[in-house]
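Hello,

Here is the structure I said I would pass on. Please look through it first, then read the notes below it.

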Amino acid sequence: MSTLRRLFTDHPATVNESYGQHFASAMSFGFRMIWGGLMCLAHAFVPGVCCSNGSEIIGELHERMITNRRRPDPAELSMENRRAA
């Protein structure tokens with residue numbers, strides 16, 4: 001498999017996603033992070049606004065990314081290990 005192709009498929013496979021699924025998920029995370037950052041900036045300028053928005057978004061993203069992460073399919077991991085050997 002070419003290096004360029006591996007750049008687009010290896011990592012998504014580690015979380016049991018296709019390139020398209022991983023793209024959509026990463027874009028969703030990215031936009032939420034930007035929104036949370038904007039809330040934190042607003043809070044920096046006016047401390048009485050957006051008091052918990054940034055931390056709530058961080059908690060939501062942590063829940064999605066770490067707590068409820070899709071685990072790789074064991075059969076796929078087994079095949080991947082055989083290919084690497």
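**How two of the helices pack**

The axes of helix H2 (residues 19-45) and helix H3 (residues 53-67) come within 8 Å and cross at roughly 160 degrees. Angles over 145 degrees count as roughly antiparallel, and H2 and H3 are therefore roughly antiparallel to each other. Their crossing is left-handed.

Which residues make this contact? On the H2 side they are Ser25, Ser28, Phe29, Arg32, Met33, Trp35, Gly36, Met39 and Cys40. On the H3 side they are Asn53, Gly54, Ile57, Glu60, Leu61, Arg64 and Met65. By type, the residues of the contact of H2 with H3 comprise eight nonpolar, five polar and three charged.

**The chain as a whole**

This is a predicted model, so please keep the confidence values in mind. The mean pLDDT of the chain is 85, and 80% of its residues reach 70 or more. Where is confidence lowest, and where is it highest? It is lowest in helix H4 (residues 74-84), with a mean of 63, and highest in H2, with a mean of 94. Where pLDDT is low, the predicted coordinates should not be read in detail.

The chain has four helices and zero strands. Along the sequence the pattern reads α-α-α-α. The chain has 85 residues, and 11% of them count as buried. Of the contacts in the chain with a separation of 6 or more, 50% are between residues 24 or more positions apart.

Ser18 is in the loop between helix H1 (3-14) and H2. Is Ser18 buried, partly exposed or exposed? Its relative accessibility is 37%. Buried means under 20% and exposed means over 50%, so Ser18 counts as partly exposed.

His22 lies in helix H2. Leaving out residues up to four places away in sequence, His22 touches His11, Pro12, Val15 and Glu17.

For His22 and Phe8, which are 14 residues apart along the chain, the C-alpha atoms are separated by 9.6 Å.

Regards

Definitions and conventions:
Residues numbered from 1 in each chain as written. Predicted model: local features only at pLDDT ≥ 70, side-chain atom pairs only at ≥ 80, totals over all residues. Heavy atoms only, no water. Axes fitted to C-alpha atoms, helices over the stretch in contact; angles between N-to-C directions. Parallel < 35°, antiparallel > 145°, perpendicular 65-115°, else oblique. Left-handed = near helix turned anticlockwise from the far one by under 90°. Contact = heavy atoms within 4.5 Å. Nonpolar A, V, L, I, M, F, W, Y, C, P; charged D, E, K, R; others polar. pLDDT = per-residue confidence, 0-100. Buried < 20%, exposed > 50% of the residue type's maximum accessible area, 1.4 Å probe, protein only.
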